[in-house]
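Reader: I am new to this structure and would like to learn how to read it. Could we go through it feature by feature?

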Amino acid sequence: MDDGELHRLVKQRLEKADELRKSGRHPYANDFRPELTCAEFSARYGEGTREELENVKRISTVAGRALAMRSMGKATFLSVRDRSGDLQILVQKDRVGEEAYATLKLTDLGDIIGVAGTPLRTKTGELSIGADGFRVLTKS
């Protein structure tokens with residue numbers, strides 16, 4: 001990567017941080033306290049079937065660094081990693097709302113995000129957290 005490309009990426013991320021500020025969200029928030037690590041979430045819900053997890057109403061909070069992002073229209077899968085391991089997050093526009101979903105456009109790989117939601121199994125059977133809320137905690 002040459003200096004011009006690096007400069008462009010840094011400029012792009014700084015602009016996204018400014019957009020977060022303009023929308024009233026702090027790009028370096030320090031008020032989010034995750035209840036569980038990714039490994040604790042997996043240990044708590046990893047053995048649950050799809051049907052069992054659908055009945056869980058308790059909201060859990062986790063935080064981690066965004067490693068991968070796959071957007072599919074009104075749903076986006078994020079892979080996040082914290083000190084304990086990895087977890088998949090499912091952010092759906094109709095579940096989190098327009099404003100929170102728009103934050104995804106300001107999210108880059110490497111950002112640290114906080115999520116509140118309930119456990120679920122995807123169609124492929126992967127344990128995930130279905131986001132009810134989503135925030136950028138630290139812009140990379």
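Reader: How many bridges join strand β3 to strand β5, and do they run parallel or antiparallel?

Author: Two strands pair if DSSP finds at least two bridges between them. Strands (E, at least two residues) and helices (H or I, at least four) are DSSP runs, numbered from the N terminus. Here β3 (residues 85-92) and β5 (residues 127-138) run parallel and are joined by three bridges. Ile-89 has Ile-129 in β5 as its bridge partner.

Reader: Before going on, what kind of model is this?

Author: This is a predicted model, in which local features need pLDDT of at least 70 and side-chain atom pairs count only at pLDDT 80 or more, while totals for chains, interfaces and linings use all residues. Residues are numbered from 1 along each chain as its sequence is written, and side-chain values use heavy atoms, with hydrogens and water left out.

Reader: Where in the protein chain is confidence lowest, and where is it highest?

Author: pLDDT is the predictor's confidence in each residue, from 0 to 100. Where it is low, the predicted coordinates should not be read in detail. The protein chain has a mean pLDDT of 91, with 96% of its residues at 70 or more. Confidence is lowest in helix α1 (residues 3-22), where the mean is 79, and highest in helix α2 (residues 38-45), at 98.

Reader: Which sense does the pairing of β4 with β5 take, parallel or antiparallel?

Author: Strand β4 (residues 112-121) and β5 run antiparallel, joined by ten bridges.

Reader: How many bridges does β1 have with β4, and how many with β2?

Author: β1 and β4 pair in the antiparallel sense over six bridges. Val-62 is opposite Val-115 in β4, and Ser-60 has Gly-117 in β4 as its bridge partner. β1 and β2 also pair in the antiparallel sense, over six bridges, with Met-69 opposite Leu-78 in β2. Three residues lie between β1 and β2 in their hairpin, where Gly-73 in the turn has a positive phi of about 75 degrees.

Reader: Is β4 largely enclosed or open?

Author: Buried means under 20% relative accessible area, exposed means over 50%, and partly exposed is in between (1.4 Å probe, protein chains only). Eight of the ten residues of β4 are buried, so β4 is largely enclosed by the rest of the structure.

Reader: Which residues touch the most other members of the largest nonpolar core?

Author: In soluble globular proteins, nonpolar side chains tend to be buried together. A nonpolar core is a set of buried Ala, Val, Leu, Ile, Met, Phe, Trp, Tyr and Cys residues joined through side-chain atoms within 4.5 Å. The largest one has 22 residues, of which Phe-41, Val-62, Leu-87, Ile-89, Val-91 and Val-115 touch the most other members. α2, β2, β3, α5 (98-103), β4 and β5 are the elements that give two or more residues to this core. β5 gives the most, with four residues.

Reader: Are Val-91 and Arg-81 buried, exposed or partly exposed?

Author: Val-91 is in strand β3. Because its relative accessible area is 0%, Val-91 is buried. Arg-81 is found in strand β2. Arg-81 has 43% relative accessibility, so it counts as partly exposed.

Reader: Where is Gly-110?

Author: Gly-110 is in the loop between α5 and β4. Its relative accessibility is 14%, so Gly-110 counts as buried. Gly-110 and Leu-137 are 27 residues apart in sequence, and their C-alpha atoms are 11 Å apart in space.

Reader: Which residues line the largest pocket?

Author: Rolling a probe the size of a water molecule over the atoms shows where empty space is left. On a 1 Å grid over the protein atoms alone, a pocket is an open set of points where a 1.4 Å probe fits, with protein on both sides within 12 Å along at least five of seven lines; lining residues have an atom within 4 Å of a point. The lining of the largest pocket includes Pro-34, Glu-35, Arg-65, Arg-81 and Ile-112. β1 gives the largest share of this lining, three residues.
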